[in-house]
Amino acid sequence: MIKIENARKNYNSEVCIGPLDIKIPKAGITSLIGPNGAGKSTTLLMIGRLLNMDEGQIEVANLDVSVSKSEDLAKVLTILRQENHFVTRLTVRQLVGFGRFPYSKGRLTKKDEDIISKYIDFLDLTELENRYLDELSGGQRQRAYVAMVLCQETEYVLLDEPLNNLDVARSVQMMGHLRHAANEFGRTILTVMHDINFAAKYSDRICAMKNGEIAAFGTTKEIMEPELLSDIFETNIEIIDGPHGPIAVY
């Protein structure tokens with residue numbers, strides 16, 4: 001479980017995220033949605049200890065992220081930010097191999113190599129594994145980064161806008177991979193989503209944020225309500241029944 005109690009981040013006298021109080025159950029996919037500036041990425045970064053809280057406490061699998069040892073946290077939690085800037089020229093396989101560092105400390109074993117291959121195959125990167133990152137499209141690089149965080153084999157995976165740089169077809173493919181990782185590997189995936197309908201189709205739960213606060217949290221069915229979404233996004237949103245579940249229409 002991810003447990004957030006009274007977490008707050010103060011950017012300045014006018015911009016504050018929180019206080020946040022929520023318990024996100026283990027397993028499945030939970031998506032954070034909301035308008036720009038709602039606090040989605042800030043919340044994710046605080047959970048992943050990439051951004052310090054000014055108040056409150058966050059626990060992941062009973063580990064306090066503020067005080068736990070990095071080597072312990074790295075075996076429980078992994079996070080992928082929107083901005084990935086690797087200045088070194090790396091191949092796809094080298095990048096994915098970074099996910100094994102908490103275990104190998106840079107000395108890859110055969111087991112590590114097998115796990116690296118597993119996630120390269122899982123993200124359909126086999127034909128690209130020896131290509132350099134700067135030779136790939138944005139979508140291919142995004143898949144490589146996701147393969148890297150999955151390769152860390154943590155129970156909790158945090159993804160900030162994993163559909164960045166992906167077209168519709170690749171977005172569907174990516175969410176299918178994440179759904180499979182949650183179902184087959186038992187991962188607990190927390191993701192920031194820009195597209196409400198992708199969140200609705202692939203998530204077990206949705207956390208809707210507005211003005212730095214949690215406006216609503218529940219199952220996809222509970223959150224996909226026109227009045228609720230219209231209030232959160234401050235625009236008229238209708239919900240229609242689609243072949244695979246509710247669809248938001250702007």
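I am working on a predicted model, in which local features need pLDDT of at least 70, side-chain atom pairs count only at pLDDT 80 or more, and totals for chains, interfaces and linings use all residues. Residues are numbered from 1 along each chain as its sequence is written, and side-chain values use heavy atoms, with hydrogens and water left out.

I looked up how the protein chain is divided and found domain 1 (2-76 + 154-249) and domain 2 (83-153); the bounds come from an automatic or database domain assignment. Domain 1 gives 22 residues to the contact and domain 2 gives 17 residues, where contact means heavy atoms within 4.5 Å. I noted 24 Å between the C-alpha centres of the two domains. Between domain 1 and domain 2 about 1,600 Å² is buried, and carbon and sulfur atoms give 64% of that area.

Side chains of opposite charge can pair when their charged atoms come close. I count a salt bridge when a side-chain nitrogen of Lys or Arg is within 4 Å of a carboxyl oxygen of Asp or Glu. That rule gives 15 salt bridges, and the count between domain 1 and domain 2 is 1. I also looked up Glu153 and Arg187, whose side chains form a salt bridge at 3.9 Å, N to O.

Glu55 and Arg8 form another salt bridge, at 3.7 Å, N to O. This pair links distant parts of the chain, with Glu55 in strand S4 (residues 55-60) and Arg8 in strand S1 (residues 2-10), 47 residues apart. For such labels I use DSSP runs numbered from the N terminus: helices are H or I with at least four residues, and strands are E with at least two.

On a 1 Å grid over the protein atoms alone, a cavity is a set of points where a 1.4 Å probe fits but cannot get out; a pocket is an open set with protein on both sides within 12 Å along at least five of seven lines; lining residues have an atom within 4 Å of a point. Grid points are joined across faces, edges and corners, and a volume is the space filled by probe spheres set on the points.

I searched the whole structure and found 1 cavity of 30 Å³ or more. The largest cavity holds about 40 Å³ of space. Its lining includes Ile4, Leu20, Thr43 and Met209. Strand S2 (16-24) gives the largest share, 3 residues. The lining divides into 8 nonpolar, 1 polar and no charged residues; Ala, Val, Leu, Ile, Met, Phe, Trp, Tyr, Cys and Pro count as nonpolar, Asp, Glu, Lys and Arg as charged, and the others, Gly among them, as polar.

I read off about 210 Å³ of space for the second largest pocket. Among its lining residues are Val172, Phe198, Lys201 and His244. Helix H8 (196-202) and strand S12 (245-249) each supply at least two residues of this lining, and H8 has the largest share with 5 residues.

Pro19 lies in strand S2, and a cis peptide bond joins Gly18 to Pro19, with omega about 5°. Ala61 is not a glycine, yet I found a positive phi of about 50° there.

Technical notes
Buried area = accessible area lost by both parts, 1.4 Å probe.
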